[in-house]
Structures are given as structure tokens and as C-alpha cells.
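User: I have a model open and want to go through a few spots on it. Can we start with the surface?
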Amino acid sequence: MQSTQFDRILRRLATVLSVVILTLCLIYTTTGILLSFYYEPTAGGAYNSLKMINTQIPYGWLFYRTHEIAGNGLIAIALVQIVVMFLGRQFSQSWLVAWVSGILLTLSAIALDWTAMLLDWTQEGYWRFSIELGTIEAIPFIGEQLRNILTGGGAINTLTVEHLYTIHSYIIAAATLILAVVHLLALLWQEQQFYPVSNQLPETSLVES
């Protein structure tokens, strides 16, 4: 009975966390769209456009800060979700969609943060990206191709910012939102399968008694 109650709590917690994840995805996407009206994805204009958003655009600083907080929160909650599902010992085949979507969602959230490191065009972001770009280039067989995709085939410049902005805003952001919806639907389906059985337990025991 304790195990059943514990599983029920973890299932409900996983569902609640999936709702939080989807909410954060929607906030991140919405604020990202609002920021894109003023953001300039160029080596010379990225920093100045973000500075303008923070200082001159009404409530621009709020949208920018909310965008950052939602992105960081998405990573944190997605990692917590994986831990909750692991503690719930949900390893059956019926949980495959929830597990796959949850893991891919976590990786996508991390990828969103990673591709955003150069979009503000600061010294810290530039040198951090340069170091990690060297690590990517060292990957056997595909390292050089990945580097060319990210940088545009040359040095870190405007083309690199444009490539990262496109990958960040149109590819990874869309994939993250879709995965968040799939993950929530998978967990809702699991709850629907679990609770009817649980609700029949007291009735069965009364009939037997």
C-alpha cells in the first residue's frame, strides 16, 4: 500500500512538473519572439541591440530577464523531472515515450542555453564559444562538419551569429516546445492508465470482505 501511494505521488509530481516545463517553454518562446523584433543577429549589432532592449525599449529589460530565467528554469526542472521518474521506478515499456521525450527535452533545453552563449556578443561568450568550438572540432569524423555548420565555414563572425540564432530560434526552440507537449501527453496517459486501477482497489476489497 505504501509503495502504491508513493508511486501515485511520484506520478502526480511528474505530471505537475511536465505542466511547469510546458509553461516555461511557452514563456521562453513568447519572450523570445518579442525580443526578436529588436534583436539584430550580427557581430556588430547583437550587443548594441540587447543593450537597447534593456535600456530603451519599454519593459524590454523585463522580457529579456524573463527569457533568461525561463531558460535556466527549464533546464533545472527538466533535470528534476528525470530524477522524479527514476525514483518512481517507471521503467516499463509503456513509459518509453515519456522517457525518450523527457531525455530529449532536457538535451534540447541545454542546447538552447548553449546556442545562446554567443548571441549577446560579449567577450565572455566569445571566448567560451571559441574554447568549446575547439572541443567540437576534435570530435572524430564529424567534428569539422559540425564546426562549419556552427560558424559558417570560417572564423567567428556575423555568419556565426546568424547560424546560431537560426538554430536556437527556429530549430531547437520548436523541437523543445513539441517535446514538452509530447512529454505532458505521455504522462497524462500514464495517469489515466494508473488511476482507474487504483480506484477499483477499495471496491474489490469490500466485495471480498
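User: Which residues form a nonpolar patch on the surface?
Analyst: This is a predicted model. In it, the patch consists of Ile 33, Leu 34, Phe 37, Tyr 38, Tyr 59, Trp 61, Leu 62 and Phe 63, and together they have about 860 Å² of accessible area.
User: Which elements give two or more residues to it?
Analyst: Those are H1 and helix H3, which covers 60-87. H3 gives the most, with three residues.
User: And where does Tyr 38 lie?
Analyst: Tyr 38 is in the loop between H1 and helix H2 (46-55).
User: How is Tyr 38 classed, buried, partly exposed or exposed?
Analyst: Partly exposed, because its relative accessible area is 42% and that class runs between 20% and 50%.
User: Back to H1. What about Gly 32, which helix is that in?
Analyst: Gly 32 lies in H1, which spans residues 2-36. Gly 32 is partly exposed, at 23% relative accessible area.
User: How far is the C-alpha of Gly 32 from that of Thr 66?
Analyst: The two C-alpha atoms are 9.6 Å apart, while the residues are 34 apart along the chain.
User: What does a polar atom of its side chain lie 2.7 Å from?
Analyst: The backbone oxygen of Val 97.
User: Which residues does Ser 101 touch, leaving out those up to four places away in sequence?
Analyst: Ser 101 touches Leu 179, Val 182 and His 183.

Note on methods. Residues are numbered from 1 along each chain as its sequence is written. This is a predicted model: local features need pLDDT of at least 70, side-chain atom pairs count only at pLDDT 80 or more; totals for chains, interfaces and linings use all residues. Side-chain values use heavy atoms; hydrogens and water are left out. Helices (H or I, at least four residues) and strands (E, at least two) are DSSP runs, numbered from the N terminus. Buried means under 20% relative accessible area, exposed over 50%, partly exposed in between (1.4 Å probe, protein chains only). Patches are made of residues with over 30% relative accessible area and no salt bridge: like charges are joined within 9 Å, nonpolar side chains (Val, Leu, Ile, Met, Phe, Trp, Tyr) within 5 Å. Accessible areas come from the Shrake-Rupley method with a 1.4 Å probe; for residues, only the protein chains shown count as cover. A salt bridge is a side-chain nitrogen of Lys or Arg within 4 Å of a carboxyl oxygen of Asp or Glu. A polar contact is a pair of N or O atoms within 3.5 Å; within protein, one must be able to donate a hydrogen and the other to accept it, and residues adjacent in sequence count only if both atoms are side-chain atoms. Contact means heavy atoms within 4.5 Å.
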